[in-house]
Amino acid sequence: MLPSSGVTPLAHLAPSVYSVSAVFIWGTSDFAGGYASKRANAFVFTAFSHFCACVLMLAVAFAQHGAMPNRASIVWALVAGSLGGFALAIFYRALAAGQMGLTAPIAALLGAAIPTLVDIALEGAPSRWSIGGFVLAIVAIWLITRPEPQGQNDEAGHPRGVAAAALAGVGFAGFYLCIHQATGSPAWVAFIARIASFSVTAVAVIATRAPLRLHRSSASLGILAGFFDISGSALFIYASQHGRLDEAVVITSLYPAVTVLLARLVLKEHFSRWKFIGLLTALAAVPLISGG
């Protein structure tokens with residue numbers, strides 16, 4: 001029996017395996033989305049990606065014959081999808097504007113920290129591990145956002161995409177908290193949430209009058225990103241339903257490591273020594289904050 005969760009080791013293993021799988025799937029999805037958004041409107045790309053994801057997960061939901069969510073769960077899934085969809089579009093823009101290896105950890109850090117703070121408010125004071133994670137988080141953000149003499153910086157001298165990544169992280173935190181309240185088949189919950197995501201990004205496309213066009217390569221990456229992103233969401237939903245929310249968040253929040261690795265291997269992104277240390281510190285802070 002695991003004292004932290006009150007379940008047997010075998011029962012605890014399945015959610016962890018699903019969470020680890022989501023790490024690789026979400027990390028690959030973010031890389032594909034961020035790379036494609038460099039040559040496409042972020043909202044148009046995200047709306048197209050969400051539409052493809054809806055088609056896939058609807059087919060999966062019907063094939064599984066899972067339990068339909070109740071009315072309250074549907075509402076929670078719609079709210080979660082709205083927050084997550086808008087956050088993902090902002091995140092893709094952040095990835096396209098700056099270096100993936102710097103913006104991805106910031107979004108993951110805030111996405112993990114906020115649900116943990118909510119849990120602290122409900123359950124009590126944090127442990128020493130959590131306090132250590134907060135200290136590491138502050139150091140990591142300072143190292144990542146400190147001005148550089150050259151590189152992809154904005155007018156203030158800070159790396160581009162950091163502010164958008166922070167906003168996306170807040171949206172991801174809202175997604176985690178709301179989707180945890182939904183019950184029913186993970187496939188149906190993911191599909192309902194993705195309907196809301198598609199609706200929000202479609203409204204953003206209309207409001208901004210963005211041109212409705214995608215290059216063939218961007219469309220292909222949009223399909224890939226959509227399939228991977230909603231698959232990772234379904235895996236996270238399963239993990240959070242069958243285990244602890246903080247344990248699901250801590251593991252899945254490590255997805256930037258995959259994005260960073262792909263950015264390094266494919267795009268040959270170069271980091272200064274201090275920013276590389278900040279990246280490692282951010283990745284180390286995520287499990288301390290959420291797992292403490």
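**Reading contacts, helix packing and backbone angles**

Q: Which residues does Y255 touch, not counting residues up to four places away in sequence?

A: Contact means heavy atoms within 4.5 Å. With residues up to four places away in sequence not counted, Y255 touches V23, W26, G27, D30, F91, A104, A107, A108, F172 and Y176. The model is predicted: local features need pLDDT of at least 70, side-chain atom pairs count only at pLDDT 80 or more, and totals for chains, interfaces and linings use all residues. Residues are numbered from 1 along each chain as its sequence is written, and side-chain values use heavy atoms, with hydrogens and water left out.

Q: How many residues does the largest nonpolar core have?

A: A nonpolar core is a set of buried Ala, Val, Leu, Ile, Met, Phe, Trp, Tyr and Cys residues joined through side-chain atoms within 4.5 Å; buried means under 20% relative accessible area, exposed over 50%, and partly exposed in between (1.4 Å probe, protein chains only). Here the largest such core has 59 residues, and those with the most contacts inside it are M57, F91, F172, Y176, I179, F236 and Y255.

Q: At what angle do helix 6 and helix 8 pack?

A: Two packed helices are described by the angle between their axes and the distance between the axes. Helix 6 (residues 162-179) and helix 8 (residues 216-242) pack at about 50°, and their axes are 10 Å apart. Helices are DSSP runs (H or I, at least four residues), numbered from the N terminus. Axes are lines fitted to C-alpha atoms over the stretch in contact, and angles run from 0 to 180 degrees between N-to-C directions. Helix 6 is therefore oblique to helix 8, where angles under 35 degrees count as roughly parallel, over 145 as roughly antiparallel, 65 to 115 as roughly perpendicular and the rest as oblique. F175, Y176 and I179 of helix 6 meet S233, F236 and I237 of helix 8.

Q: Is D229 buried or exposed?

A: D229, which lies in helix 8, is buried, with a relative accessible area of 8%. Its contacts, not counting residues up to four places away in sequence, are W26, S29, H50, L88 and R194.

Q: What phi does H65 have, and what phi does R209 have?

A: Most residues other than glycine have a negative phi. H65, although not a glycine, has a positive phi of about 55°; R209, also not a glycine, has a positive phi of about 55°. H65 lies in the loop between helix 2 (42-64) and helix 3 (71-97) and is exposed, at 70% relative accessibility. R209 lies in the loop between helix 7 (186-208) and helix 8 and is exposed, at 75% relative accessibility.

How values were computed: Helix = DSSP H or I, 4+ residues; strand = E, 2+ residues; numbered from the N terminus.
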